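Here is a short briefing on one protein chain. Please look over the sequence and the structure first, then read the points below.

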Amino acid sequence: MGMNIVIAGAGDMGYHLAERLSFDNKDITLIDTDRNVLDYVASKLDVMTVQGDATSLDVLDQANVQNANMVLAVTTSEKTNLVTAVLAKQLGAKRVMARVRNHTYLKEENVPYFNNLGIDNLISPTMLCSQEIAKMIENSSFTEVFDFGGGKLNIVGITLDQYSPLVNQRIMDTKEDPTYEDIRIIAIVRDQKTIIPRGSTIIRNNDHAFFISHKKNTESIIEALGQKKVRIKNIMIIGGDDMAVTTAIRLQGDYRITLVNNDKERCKWLAERLPDTLVINGDYKNIELLVEEGLEQMDAFLALTESSETNIITSLSAKNHGVYKTIAHVDTREYIHISHSIGVDSLINKKLVAANEITRYLRKGKVDAVSGIYGVDAEFIQYSVSKNNRLTKHPLKDLHFPSTAIVAGVIRGENVFIPDGEFTLQMDDKAIVLALPEAKQTLEKLFH
């Protein structure tokens, strides 16, 4: 018996979710009003499609929501999503989630209103992105940061340059060096491919490497790699829509923020809502203007406009003007893959952040958390070891783990381990596994 998932809205986010979930052999039905969009999706993915308005009872019935394990209402209309979710629950769907824009809805004290209507989760991609951006700014030396076990173990991404002592070394050679004792490279992204490293793998210039370490050793990764540590104080944001505003609200207490927007009326509106942010009206595509407004004194530059192209190009210019950390919001799938290689520090993408959040609710097996990586097929999945079976009887090297997966870290109560082949799992351990899509089914069997 597979899992039935109904997704209302076949736009970017619905497509991304359908693609992500169809990897896991789930039965997916997509509802959308636009026949062309549905035909396009159906030509690419193995999904069923229903054309019509997702708030119509007939359409929901046709999509068989009464037997759905999960209904995801992610159209671009908040009202459609709320009504679809409420009706789907009434018709018998087990769990329903709605994508919303209105931030008041997401306040803790308002969540019960939606739960009483039967909506299990509200999800706001913009809100999730602003949290993610805040985390990236806080850990600015890294391109990505994932924490597990409430921060006991960290996984960080970093692009290695030719000055890094690791470049041109084999992984096994780093084992001799005491600096790397509690730090391990668990994945390398090179030329848009994900490599799960073996002892013989050679680290190359411009590799995008992911390290796992105990929380306390995250600092020593920076030292070991010879990266400089910068405290971020001044931030410039370009843009003015929901994403820029939400991010400015979240950051303005802790940093000095300058927000540049090209629309005069919008700037007045922004200045009222953002009392602690310096709002400037001007053309953010014009780099001279940004320099006049202090670009070269900035520690971070966040490009959050509607246009992926503008965001990438201005981020690269900011980098050339000496800004330490740049983050670009990139919506277009094609660009996500290339942006690391052209030198954009960090990317943020609404759909991916939201899909990460949603897939966390969907994994079977004893899974606690899943994190995807930008432009990479691999995911970090945290499994719980729930019964004594093969897993607890043999060391890792004898478990016939798929070669496309690696146990990166283990949390056992208060202790954390970065395991080698001799390590044996115990009951109630939480294992953090990095897996490429083709390894997932084998893993679900192992940890089931």
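Phe423 counts as buried, because its relative accessibility of 13% is under the 20% cut-off. The model shown is predicted. The protein chain has 448 residues, and 56% of them count as buried. Its secondary structure comes to 16 helices and 22 strands.

**Aromatic pairs**

- Phe423 has a ring partner, Phe417. The two ring centres lie 5.4 Å apart and the planes meet at 50°, so this pair is tilted. The angle falls between the 30 degrees below which a pair is stacked and the 60 above which it is edge-to-face.
- Phe417 is partly exposed, with a relative accessible area of 27%. Phe423, at 13%, is buried.
- How many aromatic pairs does the count come to? The total is five.
- One of them joins Tyr383 and Phe447. Their ring centres are 4.4 Å apart and their planes are at 5°, so the pair is stacked.
- Tyr383 sits in strand β19 (residues 379–384) and Phe447 in helix α16 (residues 440–447), so the pair ties together parts that are 64 residues apart in sequence.
- Tyr383 is buried at 1% relative accessibility. Phe447 is buried too, at 2%.

**Strand β5 and its neighbours**

- Strand β5 covers residues 95–99. Four of its five residues are buried, so the strand is mostly covered.
- Strand β4 (residues 70–73) runs parallel to β5, and four bridges join them. Leu72 stands opposite Met97 of β5.
- Strand β6 (residues 121–123) also pairs with β5 in the parallel sense, over three bridges. Arg99 has Ile123 of β6 as its bridge partner.
- Helix α5 (residues 111–116) makes a right-handed β-α-β unit with β5 and β6.

**Leu82 in helix α4**

- Leu82 belongs to helix α4. Is it buried or exposed? At 15% relative accessibility, Leu82 counts as buried.
- Its contacts, leaving out residues up to four places away in sequence, are Ala98, Val100, Tyr105, Phe114, Ile119 and Leu122.
- Leu82 and Val100 are 18 residues apart in sequence, and their C-alpha atoms are 7.9 Å apart in space.

- Asp207 is found in the loop between β10 (193–195) and β11 (208–214).
- Asp207 has a relative accessible area of 1%, so it is buried.
- What does the side chain of Asp207 make a polar contact with? The partner is the side chain of Arg190, at 2.7 Å.
- A polar atom of the Asp207 side chain also lies 2.8 Å from the backbone nitrogen of Arg204.
- Beyond four places in sequence, Asp207 touches Ile158, Thr159, Leu160, Ile188, Val189, Arg190 and Ile202.

**Gly52 in a loop**

- Gly52 lies in the loop between β3 (48–51) and α3 (57–62).
- Its relative accessible area is 15%, so Gly52 is buried.
- Gly52 touches Ile31, Asp32, Thr33 and Val59, not counting residues up to four places away in sequence.
- Gly52 and Arg35 are 17 residues apart in sequence and 8.6 Å apart in space, C-alpha to C-alpha.

**Helix α9**

- Helix α9 spans residues 242–251, and seven of its 10 residues are buried, so the rest of the structure largely encloses it.
- Which residues of α9 are buried? They are Met243, Ala244, Val245, Thr246, Thr247, Ala248 and Leu251.
- An α-helix has 3.6 residues a turn, so residues three or four places apart point the same way.

**Whole-chain totals**

- Among contacts in the protein chain with a separation of 6 or more, 62% are between residues 24 or more positions apart.
- The accessible surface of the protein chain comes to about 20100 Å². Carbon and sulfur atoms account for 47% of that surface.

Key:
Residues numbered from 1 in each chain as written. Predicted model: local features only at pLDDT ≥ 70, side-chain atom pairs only at ≥ 80, totals over all residues. Heavy atoms only, no water. Buried < 20%, exposed > 50% of the residue type's maximum accessible area, 1.4 Å probe, protein only. Helix = DSSP H or I, 4+ residues; strand = E, 2+ residues; numbered from the N terminus. Pairing = 2+ DSSP bridges. Right-handed = clockwise from strand over helix to strand, strands pointing away. Contact = heavy atoms within 4.5 Å. Areas by Shrake-Rupley, 256 points an atom, 1.4 Å probe, with all protein chains shown as cover. Polar contact = N/O pair within 3.5 Å; in protein donor to acceptor, adjacent residues only side chain to side chain. Phe/Tyr/Trp six-rings, centres within 6.5 Å; stacked < 30°, edge-to-face > 60°.
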